[in-house]
Amino acid sequence: MNKPELLAPAGDSEKLRTALHYGADAVYMGDSRFSLRGKAGNFQPEQLRDAVAYAHARNARAYVTANIFAHNRDLKAIEEHVWLLKDILPDAVIVSDPGIFSMFRRIAPEINIHISTQANITNAETARFWENLGARRIILARELSIEEIRGIRQKTKIELEVFVHGSICISYSGRCYISSFLASRSANTGECTNSCRWNYSLMEEKRHGEYLPVFEDERGTY
């Protein structure tokens, strides 16, 4: 049986060193402008070079996240970022936007591409779609069961990555607007306040101060 790769986030230089010290096989990191871990310390563009070199010197792999869903205003900066990474040569980049995928394939075809969990890959057909486009790995949606993961594995040859710890969103892998509406911080740009985990009370509009009970059982919440 193949030994799985243990991949850990490196939100800043200290977390990078800690993850590798405790035995991570690989780390992922990003520039705040393009990474969906927008509130992590992250790395300035040139700091990424040192971070990737640090990982490689310790026989670990380094992946760089560029998994925002880009708007036109982002494209010039993203293209500059692609050229920088072409020079740095991380072991892979993690993307979710098809346009950013296309930019990496065109400018830096030597860099492996991993498809982010934000792309919401939930079935074998979608997995084969990205496999046929040349992706090296797909990071499956966090909402999948073990049986669903097994079904995708049986019908594809591409590398599969799954989360074993971390945020499990109430929407498909972060495509959620609660944080945006309540705090003006969008989950889709890496700024989620985890508003779905706050404590809420249910109150009818015309009965101020009268809080209604909420019950939960095996069939749902009422």
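**Close-up views of a predicted model**

**View 1. Alanine 92 in strand β4.** Alanine 92 sits in strand β4 (residues 92–95); strands (E, at least two residues) and helices (H or I, at least four) are DSSP runs, numbered from the N terminus. This is a predicted model, in which local features need pLDDT of at least 70 and side-chain atom pairs count only at pLDDT 80 or more, while totals for chains, interfaces and linings use all residues. Residues are numbered from 1 along each chain as its sequence is written, and side-chain values use heavy atoms, with hydrogens and water left out. The relative accessible area of alanine 92 is 0%, so alanine 92 is buried; buried means under 20% relative accessible area, exposed over 50%, and partly exposed in between (1.4 Å probe, protein chains only). Not counting residues up to four places away in sequence, alanine 92 touches Ala62, Tyr63, Val64, Ile111, Asn112 and His114, where contact means heavy atoms within 4.5 Å. Leucine 7 is 85 residues away from alanine 92 in sequence, and their C-alpha atoms are 13 Å apart in space.

**View 2. Histidine 114 in strand β5.** Strand β5 (residues 112–115) holds histidine 114. Histidine 114 counts as buried because its relative accessibility is 2%. Its contacts, leaving aside neighbours within four places in sequence, are Tyr63, Ala92, Val93, Ile94, Val95, Arg136, Arg137 and Ile139.

**View 3. Isoleucine 115 and the nonpolar cores.** A nonpolar core is a set of buried Ala, Val, Leu, Ile, Met, Phe, Trp, Tyr and Cys residues joined through side-chain atoms within 4.5 Å. The largest has 49 residues, of which Met29, Val95, Phe104 and Ile115 touch the most other members. Leaving aside neighbours within four places in sequence, isoleucine 115 is in contact with Val95, Phe101, Ile121, Trp130, Ala135, Arg137, Ile138 and Ile139. A second, separate core has 7 residues, including Leu7, Ala26, Tyr28 and Tyr63.

**View 4. Helix α2 against helix α3.** The axes of α2 (residues 45–57) and α3 (residues 75–88) come within 10 Å and cross at roughly 25 degrees. Axes are lines fitted to C-alpha atoms, for helices over the stretch in contact, and angles run from 0 to 180 degrees between N-to-C directions. The two helices, α2 and α3, are therefore roughly parallel to each other; angles under 35 degrees count as roughly parallel, over 145 as roughly antiparallel, 65 to 115 as roughly perpendicular and the rest as oblique. From α2, Pro45, Glu46, Leu48, Arg49 and Val52 make the contact, and from α3, His81, Leu84, Leu85, Asp87 and Ile88. By class, this contact has 6 nonpolar, 1 polar and 3 charged residues; Ala, Val, Leu, Ile, Met, Phe, Trp, Tyr, Cys and Pro count as nonpolar, Asp, Glu, Lys and Arg as charged, and the others, Gly among them, as polar.

**View 5. Isoleucine 88 in helix α3.** Isoleucine 88 is part of α3 and counts as buried at 10% relative accessibility. Residues up to four places away in sequence not counted, isoleucine 88 touches Pro45, Leu48, Arg49 and Val52. Glutamate 46 is 42 residues from isoleucine 88 along the chain, and their C-alpha atoms are separated by 9.1 Å.

**View 6. Helix α3 against helix α4.** The axes of α3 and α4 (residues 98–107) come within 10 Å and cross at roughly 40 degrees. The helices α3 and α4 are therefore oblique to each other. In α3, Leu75, Ile78, Glu79, Val82, Trp83, Leu85 and Lys86 meet Ile100, Met103, Phe104 and Ile107 of α4. This contact of α3 with α4 divides into 9 nonpolar, no polar and 2 charged residues.
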